[in-house]
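Biologist: I have not looked at this one before. Can you take me through it once it is on the screen?

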Amino acid sequence: MSEQSTKEIVVAVDGSDASNQAVKWAANAALKRKQPLKLVTAYTMPQFMYADGMVPPQELYNELEGEANDKLDNAQKIVTDFSSEVEVSRLLKESAPIDLLLELGDSAEMIVMGSRGLGGLSGLVMGSVSSAVVSHANCPVVVVRKDNDVNEDTKYGPVVVGVDGSDVSRKAMRVAFREAEARGALLRAVHAYTDAQVHTTYVGLVDAQNRMDKEVSERQDMLDDELKPFLEEFPSVQVEEIVERERAVHSLVECAKGAQLLVLGSHGRGGFKGMLLGSTSRALLQYAPCPMMVVRPSDNI
């Protein structure tokens with residue numbers, strides 16, 4: 001067993017259904033990892049209240065703070081109802097959500113945020129906030145959709161990681177192995193790839209099949225090589241290897257059904273590299289059947 005981290009798991013709270021699912025998922029993660037959980041929310045005064053030198057009345061500050069505290073109270077009840085063993089704290093601050101979450105990400109184990117799915121990330125973590133946090137946080141970021149329920153089936157499912165042979169992919173693999181170890185879960189390592197459609201005559205079919213068989217073998221060897229050091233470091237983790245000639249989105253969505261977590265390495269603003277290019281990352285954030293963790297090169301792992 002690797003050394004247990006004492007870093008906090010930070011979860012953004014906004015009172016939405018998606019946020020409530022994120023809180024529940026984070027509570028389960030904190031329990032399994034034996035790490036403290038921090039519930040975080042922020043409020044900002046509407047800019048028009050400062051027009052023409054106006055000073056917002058204290059009553060408005062009190063109202064906004066009271067509403068934020070109510071959201072934290074509800075989130076804290078979700079945690080305690082899930083398990084009384086989770087160490088939980090809370091933070092309420094008048095702040096821009098991006099600034100607050102990125103500041104906390106400098107020392108957090110991970111940031112957990114709720115997502116509505118096709119509509120983007122909700123409430124505290126909408127639009128530009130979600131993009132900024134996923135793209136710039138110095139720790140892994142987990143996106144939980146409102147339909148990613150933590151239940152008896154999914155909370156014991158596998159951890160899935162996409163592997164493409166890059167440095168950031170290895171960083172994601174380390175995180176995935178840690179998650180699988182802490183959860184006592186199967187780790188499903190997936191390498192999906194596509195190649196040019198083969199157009200050939202009947203005579204050339206045997207040669208084309210041989211080339212495809214060779215490529216599958218080479219890609220399997222690559223996956224074996226990528227996994228080897230982690231198998232030695234995390235000997236208790238059981239690993240299932242999957243190599244598929246398939247579009248990455250389809251392969252990862254299928255492999256992540258019933259999973260606890262899907263872990264992907266991101267190369268930052270340029271999107272995902274190798275088998276995880278651009279639109280793939282955006283599609284998976286919306287369509288992955290389980291919570292998705294994004295790991296970046298600069299993350300403090």
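Biologist: Which residues of α1 meet which residues of α5?

Modeller: On the α1 side they are W25, N28, A29, K32 and R33, and on the α5 side E179, A182 and R183. Contact means heavy atoms within 4.5 Å. Helices (H or I, at least four residues) and strands (E, at least two) are DSSP runs, numbered from the N terminus.

Biologist: What are the angle and the axis distance for α1 and α5?

Modeller: They pack at an angle of about 75°, with axes 8 Å apart. The axes are lines fitted to C-alpha atoms, for helices over the stretch in contact, and the angles run from 0 to 180 degrees between N-to-C directions. α1 and α5 are therefore roughly perpendicular to each other. Angles under 35 degrees count as roughly parallel, over 145 as roughly antiparallel, 65 to 115 as roughly perpendicular and the rest as oblique.

Biologist: Before I go on, what kind of model is this?

Modeller: It is a predicted model, where local features need pLDDT of at least 70, side-chain atom pairs count only at pLDDT 80 or more, and totals for chains, interfaces and linings use all residues. Residues are numbered from 1 along each chain as its sequence is written, and side-chain values use heavy atoms, with hydrogens and water left out.

Biologist: And how do α1 and α2 pack?

Modeller: Helix α1 (residues 17-33) packs with helix α2 (residues 58-82) at an angle of about 45°, and their axes are 9 Å apart. That makes α1 oblique to α2. The crossing of α1 past α2 is right-handed. A crossing is left-handed if the near helix is turned anticlockwise from the far one by less than a right angle, and right-handed if clockwise.

Biologist: Which residues make that contact?

Modeller: From α1 there are N20, V23, K24, A27, N28 and L31, and from α2 N74, A75, I78, V79 and F82.

Biologist: Is K34 buried or exposed?

Modeller: K34 counts as exposed, at 67% relative accessibility. Buried means under 20% relative accessible area, exposed over 50%, and partly exposed in between (1.4 Å probe, protein chains only).

Biologist: Overall picture, then. How many helices and strands are there in the protein?

Modeller: There are eight helices and ten strands. The protein has 301 residues, and 50% of them count as buried. Among contacts with a separation of 6 or more, 79% come from residues 24 or more positions apart.

Biologist: New topic. How many aromatic pairs are there?

Modeller: The count comes to two aromatic pairs. Rings of Phe, Tyr and Trp (its six-membered ring) pair if their centres lie within 6.5 Å; planes under 30 degrees apart count as stacked, over 60 as edge-to-face and the rest as tilted. F177 and F230 form a stacked pair, 5.5 Å centre to centre with 20° between the planes.

Biologist: Which parts does that pair tie together?

Modeller: F177 lies in helix α5 (residues 167-183) and F230 in helix α6 (residues 205-233), so the pair ties together parts that are 53 residues apart in sequence. F177 is buried, with a relative accessible area of 0%, and F230 is buried at 6%. Ring pairs link F177, F230 and F234 into a cluster.

Biologist: What does E226 touch?

Modeller: E226, in helix α6, touches V163, G165, R170 and M173, not counting residues up to four places away in sequence. E226 counts as buried, at 10% relative accessibility.

Biologist: Last one: how many disulfides?

Modeller: A search of the whole structure finds zero disulfides, a disulfide being a pair of cysteine sulfur atoms within 2.5 Å. C255 is buried at 7% relative accessible area, and C290 is buried at 2%.
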